[in-house]
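Please read the following note with the sequence and the model side by side.

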Amino acid sequence: MKLLRRFRSIPVSYRVPVLVALLMVVISAAISERVLDRLSRTQESFLNGLAETYLDGLSSAVVPAVLRADVWEVFDALDRSSASYKSLAPIETVVTGPDGKVLAASDPNRIATYSELSADYRNRYGPDVVTIDKAKLTGFAHRDLVYQGQPIGTIHATFDVSHLFAERREILVTLLVTNGVLAALFALGGFLLVRQMIGPMRVLEDHMRAAAHGAAEPIPHRKIPAGDSEVAGLFRGYNALVHAERERANFAMQLAEEEKLSSLGRLASGMAHEINNPLGGLFNALDTLKTHGETPGVRDTSISLIERGLAGIPTWSRPRLRPIGQNVRSAR
């Protein structure tokens, strides 16, 4: 899980080429395995055909000599067959009689005539025509010699198959180099392609991040891809969103300004109402004093009205006056 999370944290421009390279490696491994398997089958089939041809021709040549137990004729047949089948690369061929003893061998110095053949020769054969020993890079084959339904001997042959493995190694190296170059090219192509694909997305990402930290700016027209593509449509949609947001913000500012002016109007109207009502009463009291001030009852009533009117004026609108005594001292 940790490895998966770390892999997901890698930028897409690097993650996709890695995935492409890994995919190419998996595909190359599968193709290489199939190619090598098919090659090995083809090689073994070809080797089996050559071995059967070699044993058929050698059997026809040595059967009369084996029947007569003519060692020199058998040896001559072995010598001629080894020269005729150089493509098979025979290393050693041994012909035994019905009693299992050696009649002739291609290397008489190593395997003497009339000697007992070792058990290794009899136990090294498998179910196929040619049994391959990968450790020794050799192949083994044998053919029973039969005359009129009776076994008269056996041919034991050893072949050099190192060239088959050399060919396999050469093809494997070629496959590895070719697949490695293709994987690198595909990874580079994937990297460039993804970078080109996510380039417009980075432009959009930069504008969105800038919008998150300040005023949203529309994407310039020169950065919008030509044609009616998905990216161009996305950019145009983002620009439409920015313009709509700007219009909404302007409308909100207009509403706020209008609300502020309306609040000021209501405040001014309230202030005028709070001040005009007491002032009206004060002016009436003053007019009464001017006209009927000599009458004690009228004067007292008017002064009382003036006091109530002054008391009714809001405190925030009154001037800050000092007591009369303080005013007289200040004048002195």
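How many bridges join strand E4 to strand E5, and do these strands run parallel or antiparallel?

1. Strand E4 (residues 138-147) and strand E5 (residues 150-160) run antiparallel and are joined by 10 bridges. Two strands count as paired if DSSP finds at least two bridges between them. Ala141 stands opposite Ala157 in E5.

2. This is a predicted model, in which local features need pLDDT of at least 70 and side-chain atom pairs count only at pLDDT 80 or more, while totals for chains, interfaces and linings use all residues. Residues are numbered from 1 along each chain as its sequence is written, and side-chain values use heavy atoms, with hydrogens and water left out.

3. The protein has eight helices and five strands, in the order α-α-α-β-β-α-β-β-β-α-α-α-α from the N terminus. Helices (H or I, at least four residues) and strands (E, at least two) are DSSP runs, numbered from the N terminus.

4. The five strands form an open antiparallel sheet, ordered E2-E1-E5-E4-E3. At its edges are strand E2 (102-105) and strand E3 (131-133), each of which pairs on one side only.

5. Helix H3 (residues 71-84) lies across strand E1 (90-96) and E2, at about 35° to E2. Such angles run from 0 to 180 degrees between N-to-C directions, with axes fitted to C-alpha atoms, for helices over the stretch in contact (heavy atoms within 4.5 Å).

6. Of the 332 residues in the protein, 26% are buried, meaning under 20% relative accessible area with a 1.4 Å probe, counting protein chains only.

Definitions and conventions
Buried means under 20% relative accessible area, exposed over 50%, partly exposed in between (1.4 Å probe, protein chains only).
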